[in-house]
Amino acid sequence: ITRGLAETARLATALGANPMTLMGLAGLGDLVATCSSPLSRNRTFGEKLGRGLTTEEIYASTRQVAEGAKSCSSLFALATQHGVYAPIAQYVDAVVAGKITAPQMMEAFIAKDAKDEAD
């Protein structure tokens with residue numbers, strides 16, 4: 001959650017937002033709910049990806065829309081366009097697109113070199 005908040009804050013700041021906006025209900029509150037709530041469509045979608053289902057299988061099994069799955073490609077493109085380091089968006093996009101599996105994403109995160117907290 002904290003890495004997601006840092007990544008979101010970097011992108012929002014690059015786009016001119018006040019980074020403190022992300023520390024309140026609209027930012028951190030929404031992120032915590034999305035990651036933690038069993039009612040979260042994004043969390044449910046991610047859990048299904050983690051179990052090995054493909055994006056197509058998940059879409060076929062539900063009528064609900066997981067906004068994160070639909071927007072991760074655009075989000076990563078926006079981050080790239082603005083030179084913002086966004087590895088979570090990058091890897092989530094790759095998993096949703098079927099380019100890598102969820103276990104491969106976790107291996108990639110674990111293999112990453114440690115960076116300064118501000119990065």
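This tour goes through the pockets and the aromatic pairs of a predicted model.

Begin by selecting Leu31, Thr34, Cys35, Ile88 and Val92, which lie nearest the centre of the largest pocket among the 41 residues that line it. The space in this pocket comes to about 1,300 Å³, and the elements that each give two or more residues to its lining are helices H1 (2-14), H2 (25-36), H3 (41-50), H5 (67-81), H6 (87-96) and H7 (102-111). If you colour the lining by class, you will find 26 nonpolar, nine polar and six charged residues.

Next, select Arg3, Tyr85, Pro87, Lys112 and Asp113, which lie nearest the centre of the second largest pocket, a space lined by 13 residues and with a volume of about 250 Å³. H1 gives the most to this lining, with three residues, while H6 also supplies at least two. Here the classes divide into five nonpolar, no polar and eight charged residues.

Now turn to the aromatic rings, where the count comes to two pairs. Show Phe45 and Tyr59, whose ring centres are 5.6 Å apart and whose planes stand at 45 degrees, so the pair is tilted. Phe45 belongs to helix H3 and Tyr59 to helix H4 (residues 55-61), 14 residues apart in the chain. Phe45 is buried, at 7% relative accessible area, whereas Tyr59 is partly exposed, at 30%.

Finally, select Tyr91 and Phe109, an edge-to-face pair with 4.9 Å from centre to centre and 70 degrees between the planes. This pair links helix H6, which holds Tyr91, with helix H7, which holds Phe109. Tyr91 counts as buried at 16% relative accessibility, and Phe109 as partly exposed at 24%.

Technical notes
Residues numbered from 1 in each chain as written. Predicted model: local features only at pLDDT ≥ 70, side-chain atom pairs only at ≥ 80, totals over all residues. Heavy atoms only, no water. 1 Å grid on protein atoms, 1.4 Å probe; cavity = no way out; pocket = protein on both sides within 12 Å on 5 of 7 lines; lining within 4 Å. Points joined across faces, edges and corners; volume = space filled by probe spheres on them. Helix = DSSP H or I, 4+ residues; strand = E, 2+ residues; numbered from the N terminus. Nonpolar A, V, L, I, M, F, W, Y, C, P; charged D, E, K, R; others polar. Phe/Tyr/Trp six-rings, centres within 6.5 Å; stacked < 30°, edge-to-face > 60°. Buried < 20%, exposed > 50% of the residue type's maximum accessible area, 1.4 Å probe, protein only.
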